[in-house]
Amino acid sequence: DLTSDRTALLAFRSAVGGRTFLWNTTTTSPCNWAGIQCENNRVTVLRLPASALYGTLPVNTISNLTRLRTLSLRLNRLSGPLPSDISKCVELRNVYIQGNFFSGPVTFLSGLHSLVRLNLADNNFSGNIPSAYNNLTRLRTLLVQKNQFSGSIPELKFPNLEQFNVSFNKLNGPIPRSLEAMPVSAFIGNSLCGKPLNVCPGNNKTQPAIATAGIEIGNSSNEKKKLSAGAIVGIVIGSVGGFFILLLILFVLCRTKNGEKTRSVDVQTIKQPETEASGDKQIEEPENGVNNGNLVSASAVLSSGDESWGENGTKKLVFFGDCNKTFDLEDLLRASAEVLGKGTFGTAYKAVLEIGTIVAVKRLRDVAISERECKEKIETVGAMNHENLVPLRAYYFSKEEKLLVFDYMPMGSLSALLHGSKGAGRTPLNWEIRSSIALGIAHGMEYLHSQGPNISHGNIKSSNVLLTKSYEARVSDFGLANLVGPPSSPTRVAGYRAPEVTDPRNVSQKADVYSFGVLLLELLTGKAPTHALLNDEGVDLPRWVQSVVRQEWPSEVFDIELLRYQTAEEEMVQLLQLAIDCTAQYPDNRPSIPEISKQIEELRRSTSYDKHEQSDLANAANRSGPF
Ligand SMILES: Nc1ncnc2c1ncn2[C@@H]1O[C@H](COP(=O)(O)OP(=O)(O)OP(=O)(O)O)[C@@H](O)[C@H]1O
C-alpha cells in the first residue's frame, strides 16, 4: 500500500513545480517526507501550505491516496480544475485549498461524506454552488468566498455548520432560510437579498406600510390593492402634521433641559476655587525617562490648593465599579514611581504604593476637549469591563493634572516581548502563546466594538497589548484617542494605520481591523511595522508580506522562533491568510471582529484536535524540511 502511496506522491511531485527539495526521494517511506503523516502505514495527511507549488493536478495523483484525511495546499499557485477523482478519497475530513488559482466547477465533492472542513476561498472556481454539499452532513466549515461562483444558493442543511462564507462571488437571488442566521459579511459582494441582507424586491412582508407612490398593501400579490389618490394625500398631510407636532415637543423639551443644565454649571463654577490664581505648577516631567523617586516629586504642587474633581472641593481619586478604595490621592503621590514610557497621550509610570499595591499611572497631556466631555469619556472608559482589557481603576482630574490609574501588568507590552532582548532565560514565544494572545486581543476588541457601531479602539498596536504573568493579553489605551489633540509628528502608530484614516481621532471599526491585521503580521513574522516616513529599521508589513507570499516562498515570512514549532504549520498559514484579509485596502473587504475571533478560535481548536489525533505518530518529529 505504501508503495502505491509513494508512487502517487511522486506523480504529484512531478506534476507540480515548486520547492525543489519538496521530498527527499532517497528515503523509501513517504511517511518521513516533509508535510506527510501516516497512520498504520498509509498516508493520512498531506500538508503543503505555502510551498510555492504551481501547475495543475492531473488525475490519479491525489486520488490514489485513498486513506487521506487532510489535504492542505493552501497559499500556493496551483491552477486548472481540481480533478473530480479526489472523490475517491472517501475518508477526507479537511480540505484546505484556499489561496490558489484553481478554476472551473467543483465536481469532486460527491461521496466525501466525512468532510468536516472545506475551504476553497480565494480561487477562481466557477459554476453553481453544488447542491451536492447537502450530502456533507458532518460539515462544520464551508468557506468559498472570493471565487466566481454564480447562480443562486441552494437550500443547504448542515446541522453542525459553524463557519460559512460565500462573499465576493457572482451569486444572486434570495438567501435560503437555513442560512439566515449567518452574519452579513458571509454574503456581501454578491447580488443576494433577504435576511440578513436587505429584503428581496417584490417581497412586501417586511417592507414599511408606506414605501413609495403607487403603494401596494398586502402580503401576497393576489391581495394587492391600490390606494386611492385621496387616501395618499390624507396620509401625507397627516404625516407632515405629526412631524411638526413632534418637532414642537422636542423644542420645548430641549429648552427646559438647557435651563437646568445652565443652572447646574453655575453651581459647579461657584464651588470651585480659582486654580490659576493659586499659583499651581505642573508636575515636572522626568528629563530622561529614568526613575524619578515618587510619582509626583512635587506632590506639594497638588496639595497647595489645586482643585480636584471631588464633590466638595477635596482632592479626590474617583474610583470605578466595586474596586476597593484602598488608597487615595495622597498615597498615590507618595508612592515610589518609575517611568514606564512616553506615549501619544502622555507619560506612563509604575507606582508602588506604601501598602504594597502596584498600579500604572498615565498622565494625560494636551487634553483637547472640555472638562465635561473629558469626564464623560473617562467615565465611559471606566465602565468597560472585560477580561481582555486593562481595567481603568480610578482617575484624578484637575485643570493642571489628568491622571488615569490602571492595573499594572507585570509582563509589560507585547511589543517589548517581541522585539526586546531575546537572550537566555526568556520564554520562547511559541505558537500556543502567540495564537492565544491573538485570540485575547480579538476578544477584547470584540467587546469594545459590541458597545456600538461607532465605538472603536483607535490605537491598536503591540505596545498597547499588555500581558499578565500567564501571557494573557490585555488591550490598553482604548477610548483615549479622542481625548487629546492629534500628534504633531508621525508616531509608531503610523505603521498600523489603515490607508483610509486621515484623522487619528476618528478611526472606524474596520480601521481597527486593519491595525489588528498588522498586529497579527507582527506576531507571525516577529518584525515591527513602521511607516516609510519614520525611516527606521521596520518595514511596511502588509506590503512586505504580500510580496513575499506572491513572489517568493511564503513560509519565509514566519518568525524563526515560530518555525521551530512545526506541528502548527497549517494553522500558522491560516492565521497569515486572516491577517492578509484584515489588511485589505478597502474597508468593506475586511472581516468583522466577531468573525475574526471565530476563525482564530476555530484554528486553535483544530491545532489541539490535530495534536490529539496524531499524538502517537512517532515519525512526526523526524520529518525533514521546513514543514
Ligand atoms: N498598565 C500598564 N502596566 C504595565 N506597563 C504599562 C501599562 N501601561 C503602559 N505600560 C507601559 O508603558 C509604556 C508607555 O505606555 P503608553 O501607553 O503611555 O505609550 P505607548 O503605548 O508606547 O504609546 P501610545 O500612547 O501611543 O499608546 C508602554 O510601552 C507599556 O510597556
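User: Which residues does Lys362 touch, leaving out those up to four places away in sequence?
Analyst: In this predicted model, Lys362 touches Phe345, Gly346, Ala348, Leu404 and Phe406.

User: Where is Lys362 found?
Analyst: Lys362 is in strand β20, residues 358-364.

User: Buried or exposed?
Analyst: Buried. Lys362 has 22 other C-beta atoms within 10 Å, and 20 or more counts as buried.

User: On to the ligand. How many residues surround it, and which are closest?
Analyst: The ligand is surrounded by 23 residues. Leu340, Gly341, Gly343, Thr344 and Ala360 are the closest.

User: Which elements give two or more residues to that shell?
Analyst: β18 (336-342), β20 and β22 (402-407) do.

User: How do the shell residues divide into nonpolar, polar and charged?
Analyst: 11 are nonpolar, nine are polar and three are charged.

User: New topic: helix α5. How many residues does it have, and what span does it reach?
Analyst: Helix α5 runs over residues 371-383, so 13 residues. From first C-alpha to last, α5 reaches 18 Å, close to the 18 Å expected at 1.5 Å a residue.

User: Which residues of α5 are buried?
Analyst: Cys374, Ile378 and Gly382. Seen down the axis of α5, these buried residues fall within an arc of 75 degrees, so they line one face of the helix.

User: What do the buried residues of α5 pack against?
Analyst: They pack against β21 (392-397).

User: And which residues are exposed on the other side of α5?
Analyst: Arg372, Glu376 and Ala383 are exposed there.

How values were computed:
Residues numbered from 1 in each chain as written. Predicted model: local features only at pLDDT ≥ 70, side-chain atom pairs only at ≥ 80, totals over all residues. Helix = DSSP H or I, 4+ residues; strand = E, 2+ residues; numbered from the N terminus. Expected span 1.5 Å × (residues − 1). Buried ≥ 20, exposed ≤ 12 C-beta atoms within 10 Å, placed from the backbone. Arc of directions from axis to C-beta. Contact = placed C-beta atoms within 7 Å. Near = placed C-beta within 6 Å. Nonpolar A, V, L, I, M, F, W, Y, C, P; charged D, E, K, R; others polar.
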